[in-house]
Structures are given as C-alpha cells and as structure tokens.
Amino acid sequence: MSQGIAWFDALDPEKQSEALLFLRHHCVQARAVAEDGLEGIRRAGLRPTHTPAVLITRGRINDQLGKIASLTPRDERRKAFRLLVAVLAIADGRRRERYCSDGCGH
C-alpha cells in the first residue's frame, strides 16, 4: 500500500482523478458489495468518520464508489485511493474464489 500511495501522491490532480475513476470501475466490475465497504475501511486503516468511510456505508455501493472517486481535497483523495484499493482487493478475491478454478485465466 505504501508504494501505491507514493505513486498516487506523485500524480497531478487530473491523473489522480483518472486513477480513482479507474479503481472505481474495477470495483464495480469485481462486483463489490456493501459488506466490502466495512472490511475495506478496516484494511485501508481509515477511521469510520473519514469522508470516504462515511460515504461507502451510505446507500448503494456503486453510487457511493462514484462519490468517493470524485472527492477533490488532496487528503481525501489519498484516503479514497486507500479505500478503493482495499475494496477492490476484497471484491476481486471473492470473485476469484467463487468463479475461478485451477487453470483460471483471471
């Protein structure tokens, strides 16, 4: 995670927005569910009161992921990045467990 954050921090704001939207898209493609939000908060090391953590626990997950990816303050973007990476790892792990067998190409 620390290498990812360093990479993300080095991006200009436009590229950060693109990265967050990219992560959001992949979270949706991996079929993230509401329960992934709580575990994602824990894995990302966020407090439940941080803006991305509050957002992910309110309403439909796909809508909330879009709101998280659209955050603009620099410190909120870093938290959003951490959370989206964690949620993607959870959702993709579950997808691979459920749908992939030996020799799966994912």
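Helices are DSSP runs of H or I with at least four residues, numbered from the N terminus. In this predicted model, the chain reads α-α-α-α-α-α along its sequence. There are six helices and zero strands. The radius of gyration is 13 Å, close to the 13 Å that the globule rule gives for 106 residues, so the chain is as compact as a globular protein of that length. Along the principal axes, the C-alpha atoms fill a box of roughly 40 × 30 × 20 Å.

Of the 106 residues, 40% count as buried. The chain exposes about 6400 Å². Carbon and sulfur atoms supply 52% of that area. Contacts were also sorted by separation in sequence. Among those between residues at least 6 apart, 71% join residues at least 24 apart.

Side chains of opposite charge can pair when their charged atoms come close. A search of the whole structure finds 10 salt bridges. One of them joins glutamate 39 to arginine 42, with the closest N and O atoms 2.4 Å apart. Both residues lie in helix 3, which covers residues 34-44. They are three residues apart, about one turn of the helix. Arginine 42 is exposed, with a relative accessible area of 55%. A network of salt bridges links Glu39, Arg42 and Arg43.

Aspartate 92 meets arginine 95 in a salt bridge, at 2.4 Å from N to O. These two residues of helix 6 are three residues apart, about one turn of the helix. Aspartate 92 also forms a salt bridge with arginine 96, at 2.6 Å from N to O. Here the separation is four residues, again about one turn of helix 6. Burial was checked for each partner. Aspartate 92 has a relative accessible area of 18%, and buried means under 20%, so aspartate 92 is buried. Arginine 95, at 18% relative accessibility, counts as buried. Arginine 96, at 35%, counts as partly exposed.

Arginine 82 presents another case. This residue is placed in helix 6, which spans residues 74-99. Arginine 82 is buried yet has no salt bridge. The nearest side chain of opposite charge belongs to aspartate 9, 9.2 Å away. A salt bridge needs a side-chain nitrogen of Lys or Arg within 4 Å of a carboxyl oxygen of Asp or Glu. Backbone oxygens do lie within reach of arginine 82. Its side chain reaches the backbone oxygen of alanine 44 at 2.4 Å. A polar atom of the arginine 82 side chain also lies 3.2 Å from the backbone oxygen of glycine 45. Leaving aside residues up to four places away in sequence, arginine 82 touches Met1, Ile5, Ala44, Gly45 and Leu46.

Glutamate 76 is likewise placed in helix 6. Its relative accessible area is 13%, so glutamate 76 is buried. With residues up to four places away in sequence not counted, glutamate 76 touches Thr51, Pro52 and Leu71.

Conventions
Residues numbered from 1 in each chain as written. Predicted model: local features only at pLDDT ≥ 70, side-chain atom pairs only at ≥ 80, totals over all residues. Heavy atoms only, no water. Buried < 20%, exposed > 50% of the residue type's maximum accessible area, 1.4 Å probe, protein only. Lys, Arg positive; Asp, Glu negative; His and termini not counted. Polar contact = N/O pair within 3.5 Å; in protein donor to acceptor, adjacent residues only side chain to side chain. Contact = heavy atoms within 4.5 Å. Rg over C-alpha atoms; globule rule 2.2 N^0.38 Å. Areas by Shrake-Rupley, 256 points an atom, 1.4 Å probe, with all protein chains shown as cover.
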